[in-house]
Amino acid sequence: MKTLIPFILLICGLGLAGFVWYGNKRAAEVSDEQRVLDAVLEQQEEARAAQERANTLMAEILPAPPACDGLTTATVFSLCEMEPYQGEDWPDLAATTSPKERACLLDTFHQTNAHAYDIRGESYDGVDPDSNRMGRFVSDLCSAALWTDGIDYGDTEKSLSDLIAGYYANRAESRVKPAQSY
């Protein structure tokens, strides 16, 4: 019997050690409530970071694309004079602009849309627009003459880059326009 006592104590000790190990393992596991709370907190932090990034991007005033260097406002003002009546289509951009003017307008269009999509956290595919989408964009560029210093509607000898800078400055001041795409 004396030889069985150490063996029994050893078995009981191992059983107690196993019981303690299992209890510690269960106590160290994260509960379902804690997992949900962690996921909610992580989602809130991601949303907060996305909002801060969007606010930073919205306040950013984009530069005019390099393709617009040397062009005048006559490019957009002549297009705005061709603005159709409600329900009619805009004229084809390829037929009414030179390749350099078209490159400037398309670069500005894509830069504006890429920025708006970036603010919204979406990816932009960069597909060239149809004439109506481009026309709406050019019309908004023309309206930038209302708030751009030194440029009035119809000033055809002013720098197109300055008009585009005024357009982007107005977008940056708005709470809605920076995320607007065409």
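Trainee: By class, how many nonpolar, polar and charged residues are in the lining of the largest pocket?
Mentor: Heads-up: this is a predicted model, with local features needing pLDDT of at least 70 and side-chain atom pairs pLDDT 80 or more, while totals for chains, interfaces and linings use all residues. Numbering runs from 1 along each chain as its sequence is written, and side-chain values use heavy atoms, without hydrogens or water. On a 1 Å grid over the protein atoms alone, a pocket is an open set of points with protein on both sides within 12 Å along at least five of seven lines, a cavity is a set where a 1.4 Å probe fits but cannot get out, and lining residues have an atom within 4 Å of a point. Counting Ala, Val, Leu, Ile, Met, Phe, Trp, Tyr, Cys and Pro as nonpolar, Asp, Glu, Lys and Arg as charged and the others, Gly among them, as polar, the lining has three nonpolar, five polar and four charged residues.

Trainee: How much space lies in the largest pocket?
Mentor: Its lining includes E83, Y85, W90, N132 and R136. Taking volume as the space filled by probe spheres set on grid points, which are joined across faces, edges and corners, the answer is about 170 Å³.

Trainee: Which helix gives the most to the lining of the largest cavity?
Mentor: That cavity has a volume of about 70 Å³, and L79, W90, P91, L93, S131, M134, G135 and V138 line it. The lining divides into six nonpolar, two polar and no charged residues. Helices here are DSSP runs (H or I, at least four residues) numbered from the N terminus, and the top contributor, with four residues, is α6.

Trainee: How are α5 and α6 oriented to each other?
Mentor: Axes are lines fitted to C-alpha atoms over the stretch in contact, with angles from 0 to 180 degrees between N-to-C directions. Those of α5 (residues 99-120) and α6 (residues 131-143) come within 11 Å and cross at roughly 90°. Since 65 to 115 degrees is the range for this class, α5 and α6 are roughly perpendicular.

Trainee: Which residues of α7 make the contact with α6?
Mentor: The axes of α6 and α7 come within 8 Å and cross at roughly 95°. Contact means heavy atoms within 4.5 Å. On the α6 side there are F137, D140 and L141, and on the α7 side L163, I164 and Y167.

Trainee: What aromatic pair do F137 and Y167 form?
Mentor: Phe, Tyr and Trp rings (six-membered ring for Trp) pair if their centres lie within 6.5 Å, with planes over 60 degrees apart counted as edge-to-face. F137 and Y167 sit 5.8 Å centre to centre with 90° between the planes, so the pair is edge-to-face.

Key: Helix = DSSP H or I, 4+ residues; strand = E, 2+ residues; numbered from the N terminus. Parallel < 35°, antiparallel > 145°, perpendicular 65-115°, else oblique. Phe/Tyr/Trp six-rings, centres within 6.5 Å; stacked < 30°, edge-to-face > 60°.
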